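Subject: Structure handover

Hello,

Here is the structure I said I would pass on. Please look through it first, then read the notes below, which say what was found.

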Amino acid sequence: MVGITVAVEATAGSAIGREDPWPGPLPGSADGPPVGGGWPVGRGCVPDTLGEGARPVEALVLMRDPAVPGAAVPARPVAVLHLAAQGNPEDEVLCVAGDPCFADLADTRDLPRWHAGPDAWAAVLARLSPQPAYEVTGCGSREEAEQLVADARHTYERLTGSLE
């Protein structure tokens, strides 16, 4: 799995959480999951990428703890959310923080067990975005998300002259 960094711009609570109860404390933590069952989600971009509209690739990242704006969160892509905003197609990379508590969330097949389907991510996105409502048009695999990031990183490197 590819590791990336998400530069978080905002964080909100979510309803995303595991379906099955936690057997005990989280690794490296004295407590369990957040009260109410939902983990925080940060929205930001993947630095050193250029995607649609010559903008950095947008990402949503599921985290153990909320991040302050400007924080760099190590993460790994698990899916890509295909959206339409005001008729324009957009993609958001769905990620989980590089934390052992998210080890079993690896691809789209794992999203239902975490109550992390496209509608749950879209609900968080609506809370984090100043734009009007997004319409979810689909959800792609981890491989698609990794390819999106790789292509955008290549575009950035080509345009900035940092390709060797």
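The protein has two helices and six strands; helices (H or I, at least four residues) and strands (E, at least two) are DSSP runs, numbered from the N terminus. Starting at the N terminus, the order of elements is β-β-β-β-β-α-β-α.

Before the details, some ground rules. This is a predicted model, in which local features need pLDDT of at least 70 and side-chain atom pairs count only at pLDDT 80 or more, while totals for chains, interfaces and linings use all residues. Residues are numbered from 1 along each chain as its sequence is written, and side-chain values use heavy atoms, with hydrogens and water left out.

Overall figures

Of the 164 residues in the protein, 43% are buried. Buried means under 20% relative accessible area, exposed over 50%, and partly exposed in between (1.4 Å probe, protein chains only). The protein exposes about 8,100 Å², and carbon and sulfur atoms supply 54% of that area. Accessible areas come from the Shrake-Rupley method with a 1.4 Å probe; for residues, only the protein chains shown count as cover. Among contacts (heavy atoms within 4.5 Å) between residues at least 6 apart in sequence, 71% join residues at least 24 apart.

Strand pairing

Two strands pair if DSSP finds at least two bridges between them. Strand 1 (residues 4-12) runs antiparallel to strand 4 (residues 72-85), and four bridges join them. One of the pairs here is A7 with A72 in strand 4. Strand 1 is also joined to strand 2 (residues 41-46) by five bridges, again antiparallel. In strand 2, V41 is the bridge partner of A12.

V6 is found in strand 1. V6 counts as buried because its relative accessible area is 0%. Leaving aside neighbours within four places in sequence, V6 is in contact with residues including G44, A59, A72 and C95. The C-alpha atoms of V6 and V93 are separated by 10.0 Å, although these residues are 87 apart along the chain.

P77 sits in strand 4. With a relative accessible area of 1%, P77 is buried too. Not counting residues up to four places away in sequence, P77 touches several residues, among them V2, I4, C95 and A145. Between the C-alpha atoms of P77 and S141, 64 residues apart along the chain, there are 9.2 Å.

S129 lies in the loop between helix 1 (118-128) and strand 6 (134-140). Is S129 buried or exposed? S129 counts as buried, because its relative accessibility is 11%. Not counting residues up to four places away in sequence, S129 touches R43 and Y134.

The largest pocket

Rolling a probe the size of a water molecule over the atoms shows where empty space is left. A pocket is an open set of points on a 1 Å grid over the protein atoms alone, where a 1.4 Å probe fits, with protein on both sides within 12 Å along at least five of seven lines; lining residues have an atom within 4 Å of a point. Grid points are joined across faces, edges and corners, and a volume is the space filled by probe spheres set on the points.

The largest pocket holds about 220 Å³ of space. It is lined by 15 residues, of which E52, R55, P89, E90 and D91 are the closest to its centre. Strand 3 (57-62) and strand 5 (88-97) are the elements that give two or more residues to this lining. Strand 5 gives the most, with four residues.

Regards
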